[in-house]
Amino acid sequence: MQIHLVLTVIGRDRPGLVSAVSETIAAGGGNWLDTRMASLSGQFAGMLLVAIAPEKADALVASLRRMEAQGLRFIIEKSDEPTPTGGRTLRLELVGLDRPGIIRDISRVLAAQNVSIAELESECVSGSFSGEAMFKAKARLTLPDDLHLEDLRQSLEALAHELMVDLSLDDNPALVHCA
């Protein structure tokens, strides 16, 4: 039986950072399962899931904590719960002029309908013709079994109209992962 460690790591971005973290995990007997990582404004931020034998977990956590002397910060949570599966998945994509509050407004509509955000990626880019700041987001959503897709679609489309953004939903399972 193995447990999971959910890690968040942040520090000044530099070459070899992922290699150092992965070496520490492998040396401690951990198996790197899942990850999301990015360089944001010169800082490296990552979330990862590690499986490890329960008797090795504390030693691995201690090894990762020693890496904090290199300028990294870790938040580490242990979990012996299985990764939840189930529920219908849906992909949401949004693009529009950037303004504060877009994620707040979208997540409020989703929370009101008990929709879980399994993954969320967003970025602010320059518009190809206008040069204006454009906000783009992609999300993988998990819907409760009793939610009618059309109800969710109507709520989100009403909000998209109010925000003046383009929003699409796709329930094709082959297209669900954010990428």
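These legends describe close-up views of a predicted model. Local features need pLDDT of at least 70 and side-chain atom pairs count only at pLDDT 80 or more, while totals for chains, interfaces and linings use all residues. Residues are numbered from 1 along each chain as its sequence is written, and side-chain values use heavy atoms, with hydrogens and water left out.

**View 1. The largest nonpolar core holds 23 residues.** A nonpolar core is a set of buried Ala, Val, Leu, Ile, Met, Phe, Trp, Tyr and Cys residues joined through side-chain atoms within 4.5 Å. Buried means under 20% relative accessible area, exposed over 50%, partly exposed in between (1.4 Å probe, protein chains only). Leu94, Ile106 and Leu156 touch the most other members. Two or more residues come from each of strand S5 (88–97), helix H3 (102–112), strand S7 (133–143), helix H4 (149–163) and strand S8 (165–170). Helices (H or I, at least four residues) and strands (E, at least two) are DSSP runs, numbered from the N terminus. H4 gives the most, with six residues.

**View 2. Leucine 156 touches Leu92, Ile106, Val109, Leu110, Leu167 and Leu169.** Residues up to four places away in sequence are not counted. Contact means heavy atoms within 4.5 Å.

**View 3. Helix H1 (residues 17–27) has buried residues Leu17, Val21, Thr24 and Ile25.** They lie on the same side of H1 because they cover an arc of only 100 degrees around the axis. The arc is that of the directions from the helix axis to the C-beta atoms. Glu23, Ala26 and Ala27 are exposed on the other side of H1. The buried residues of H1 pack against strand S1 (3–12), strand S2 (31–40), strand S3 (43–52), helix H2 (54–66) and strand S4 (73–79). Just after H1 comes glycine 29, with a positive phi of about 90 degrees.

**View 4. The second largest pocket is lined by 13 residues.** On a 1 Å grid over the protein atoms alone, a pocket is an open set of points where a 1.4 Å probe fits, with protein on both sides within 12 Å along at least five of seven lines; lining residues have an atom within 4 Å of a point. Leu94, Glu123, Lys136, Ala137 and Lys138 lie nearest its centre. S5, strand S6 (116–126), S7 and S8 each supply at least two lining residues.

**View 5. Arginine 91 lies in strand S5.** Arginine 91 is buried, at a relative accessible area of 9%. Its C-alpha atom is separated by 9.1 Å from that of threonine 142, 51 residues apart along the chain.
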